[in-house]
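Student: I have a protein model open and would like to learn how to read it. Could you take me through some features?

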Amino acid sequence: MDFSEQDVDIFGEEYEQDDKEEKEDNGTHRSSSSSSSSSSSAASGSSGSSSSGASSSSGGKSSGSGSSSGEDEDNGEEAVESDKYHNYKDSNNTDDYNEEKDLFGEDNLEYMKTTAISQHPIPVLPAIRAPSNPGRGGFGRGRWPNDRGAGLLPRPGYPPRQGYGGYGNKFQNGHRDERFVSELKFSKSEETLSRKQVAFQAPCELGCYSRIEGGEVIFTDRNLRLFKRLISEDIGADLNQGFDTFIEKKDLGSEGFGDLLGCIREKNIPLQNMHFVTFRNNLNKIMQTAYIRHEPWEMGVHKRNGVVYLDVHKLPERPQSDFERKRCYWGYCFETLATEDPGRADGEPIHHVDANVEYCAMFKTKLGAHRILMGAEMDCCDSTDDGRRFYVELKTNRELEYHTEEKFEREKLLKVWIQSFLAGVPYIVIGFRDDHGRLVRTERLKTKDITQRVKMKNYWQGGVCLAFADEVLCWLYGTVKENEDYILQFAHPFMRLELLQAQSCPEAITNHVSQL
């Protein structure tokens, strides 16, 4: 935010008015001039308090109207004022200037008696507090309850901090991990990040692979499903159907990342100019942290031949209840319901849903100055009238109410927008359901319209997420060293990103580098 500077005219009308008032009273100002001259002379040989004593002895009323024009000015300005008053002749007081006085002789014995060290102590003023950092409470030492300002009593120093001498971890509850390498503190505000314009290159698809039943990976689009445009006809469908035969998703760990690296080798994609190779999920975590600061996550960081590989790490979770498992299944069931299935006849219930069957596309993009090779799982696709294919993201959510709409727009839409934006997905279809798993309605959203929807409510900004991700990637790429392994984590107290030393590199990355 730009603030316009205001010029203050310190020599304006008030100064001219004071000048006129000074010329009306000659006797007072002549004594003031003498007082100013003696004060100037005294200042050259003694302290400030001594000069004030000399001034009071030389003029009777010098502390009155002349104090504002004489004592607060510099020595050079005093000389000019003195000359002006000497040139000014008044009929009633001409005798005072007939004989020129010697300020350093017998005419100024009081000055010669002035001691070099003042007997008065120098007053100690209290520390000035910034308006943005007020003191604790309105009373106490040096404070006045009637807004008269701070007192003249010196403020006591701050007590020493317990258990913190200025070194080591400044967080009281804990101890810094011995694997600690570096950290990135969240010092930049949303307003600062919003001013930073970070370019994002439209993703370009380079390859794909499919994981079929049984876990085998083939480098084709065999598992890419087609979006069913008449999904609105299924409103009222029970999303619990087929739950008894549901096959839950297995945690493949680094093996899943190895399939993405295998696709890179299969398509002969050069990595010489790439900075990062990762799944979209890792970029989702980084970008959403610009606003969502209560969800922990971590990922593996491994630098080989100038390329930083970001491996997905899944944090341990508590066992899910039956209702939580059902709620997770409702999303897979909606994906099956919203896509064409040639093997399922009309009206046939859904069964044998396998969460391990997936289709993954590989994209090349650029965020800021960082070239990224990214893998992303896709739900389904559709095509335009001219045959151009585009992807569609499918989501489920509980039907909105007046007290849940804000959280939906602040967090759920943020995650959905990041996920779709990074892969260039233009449309999102959301299936809203009730608490019993019945489909209530569907809504189609354009990815580009989501940011405008939340911008009017000032919930979040997509540009801030991109600027935050650019800051993280710059710090990460400049910190990690070649042939070393790390863990990037975001954990309690959720105030910084930490880079920790790792013990080993996943075998999938080691095998990939050896085969290049």
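Student: What share of the residues in the protein is buried?

Tutor: Buried means under 20% relative accessible area, with a 1.4 Å probe and protein chains only. Here, buried residues make up 39% of the 516 residues. Keep in mind that this is a predicted model, where local features need pLDDT of at least 70, side-chain atom pairs count only at pLDDT 80 or more, and totals for chains, interfaces and linings use all residues. Residues are numbered from 1 along each chain as its sequence is written, and side-chain values use heavy atoms, leaving out hydrogens and water.

Student: Is valine 416 buried or exposed?

Tutor: Valine 416 is buried, because its relative accessible area is 3%. This valine is found in helix H11, residues 405-423; helices are DSSP runs of H or I, at least four residues, numbered from the N terminus.

Student: Which residues does valine 416 touch, not counting those up to four places away in sequence?

Tutor: A contact means heavy atoms within 4.5 Å. By that rule, valine 416 touches Lys395 and Ile428.

Student: Which residues touch the most other members of the largest nonpolar core?

Tutor: A nonpolar core is a set of buried Ala, Val, Leu, Ile, Met, Phe, Trp, Tyr and Cys residues joined through side-chain atoms within 4.5 Å. The largest one has 62 residues, and Val301, Met378, Tyr391, Leu476, Leu488 and Leu497 touch the most other members. Helix H13 (residues 462-479) gives the largest share of this core, 10 residues. Apart from this core lies another, of 21 residues, including Ala237 and Phe246.

Key
Helix = DSSP H or I, 4+ residues; strand = E, 2+ residues; numbered from the N terminus. Buried < 20%, exposed > 50% of the residue type's maximum accessible area, 1.4 Å probe, protein only.
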